[in-house]
Amino acid sequence: MELKFYTRDKFREKFNLNDSDDLFNEFFNWQINEWEFARKNYDTLKELKVKEFNFPDASVVVQFNPHRVGSTLALIDEKSIANRKCFLCDDNLHLEQKGIRLTENYTFLVNPFPIIPVHFTAKFNEHHPQKISDNFIEILEGAETLGEKYFLLYNGPEAGASVPEHRHFQGGTRKHFPLVNFIDEILSGYKSGSGLPHIKEEKNIGNAVLYSVRDTLRRILVIKGRDKKAIEKLFFMVYGAMTNLFPSAKETKLNLVSTMMNGEHLLFIFPRKAHRPRCFYAEGDEQLLVSPATLDFGGVVVLPREEDFKKITKYNIEQIFSDVAFSEEMFSALLTKL
Ligand SMILES: [Zn+2]
């Protein structure tokens with residue numbers, strides 16, 4: 001009988017891969033070949049309509065993606081969660097969907113509703129609610145296992161996660177995520193004073209450094225370093241301060257991105273003030289169905305309705321970000337507390 005889940009060794013054996021082969025890419029391609037539903041959605045992704053909006057120091061690609069309507073409209077209240085089947089639990093995966101063990105506790109799955117050309121989910125092996133303070137180190141470990149080609153992201157339970165009831169990360173190839181490449185530029189130009197978005201060193205533990213980064217749309221914290229324990233300490237300083245200043249029912253609202261660059265960890269923290277922008281709840285012509293999660297913050301804004309895609313303006317983008325991202329006052333208050 002064909003296996004549903006592979007260890008990395010078993011998968012290498014099956015396809016005669018050696019250590020230098022990109023195991024995750026091989027797995028991804030194999031799933032796309034075998035699993036028609038997912039393949040069709042990845043094919044459609046290539047044809048999607050996109051629009052680009054440029055700001056002096058940031059740019060955003062807006063994507064009309066009807067497959068994402070389920071995530072955009074996902075209900076995350078307790079009653080809705082209790083009444084639905086968890087599609088990340090092993091028993092409820094698609095018949096053709098296979099998994100590969102990413103780390104001891106996580107399974108790598110192809111995401112059948114992609115936003116980017118290689119889009120996967122790293123799900124916890126048990127059904128357990130999303131809460132980053134329970135498992136922070138695992139996003140760093142996962143990114144390390146995946147290697148420099150990839151990133152992992154975390155959507156907080158009240159900050160864009162559509163399945164907050166089952167602990168998971170999403171991820172993809174770094175070259176398809178504008179923010180990560182952009183930040184590389186910012187950090188490498190840090191001392192050049194070249195008119196890049198405002199970046200400032202805030203704190204360090206050993207060689208791990210915490211930066212604040214501001215551009216027209218966003219306020220971001222970035223931690224860079226080799227030592228996972230030091231990064232963890234810096235993260236929990238931020239998390240603790242956010243939780244004190246801006247508590248929320250399940251968890252202070254945040255999104256994370258973790259990747260490796262030149263042998264170092266890079267962690268992005270997007271502090272947020274709201275799960276959804278005002279235009280989501282507006283009526284009639286004022287309404288735009290958009291529910292920003294980490295990818296949107298990183299520069300890929302997803303709109304599942306064509307009418308919204310047609311009418312969205314640069315002004316709307318600014319409004320959406322200012323509704324969900326930290327204001328300057330909130331960001332300064334947070335930095336003062338660190
Ligand atoms: Zn589950």
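Ala241, Met242 and Leu245 of helix α8 meet Ala333, Leu334 and Lys337 of helix α13, where a contact means C-beta atoms, placed from the backbone, within 7 Å. The model is predicted, with local features needing pLDDT of at least 70 and side-chain atom pairs counting only at pLDDT 80 or more, while totals for chains, interfaces and linings use all residues. Numbering runs from 1 along each chain as its sequence is written. Helices (H or I, at least four residues) and strands (E, at least two) are DSSP runs, numbered from the N terminus.

Two packed helices are described by the angle between their axes and the distance between the axes. Here α8 (residues 228-245) and α13 (residues 328-337) pack at about 125°, and their axes sit 9 Å apart. Axes are lines fitted to C-alpha atoms, for helices over the stretch in contact, with angles running from 0 to 180 degrees between N-to-C directions. That makes the pair oblique, therefore: under 35 degrees would count as roughly parallel, over 145 as roughly antiparallel, and 65 to 115 as roughly perpendicular, with the rest oblique.

Next comes an open sheet of 3 strands, in the order β2-β3-β14 and with mixed pairing; strands count as paired if DSSP finds at least two bridges between them. The edges are β2 (50-55) and β14 (300-303), each pairing on one side only. Neighbouring strands are turned by 20° against each other on average, direction ignored. A hairpin takes β2 into β3 through 2 residues, and these strands pair in the antiparallel sense over 6 bridges, with valine 50 bridging to glutamine 63 in β3. On the parallel side, β3 (residues 58-64) and β14 share 4 bridges; there, valine 62 has valine 301 of β14 as its bridge partner.

Key: Two residues are in contact if their C-beta atoms, placed from the backbone, lie within 7 Å.
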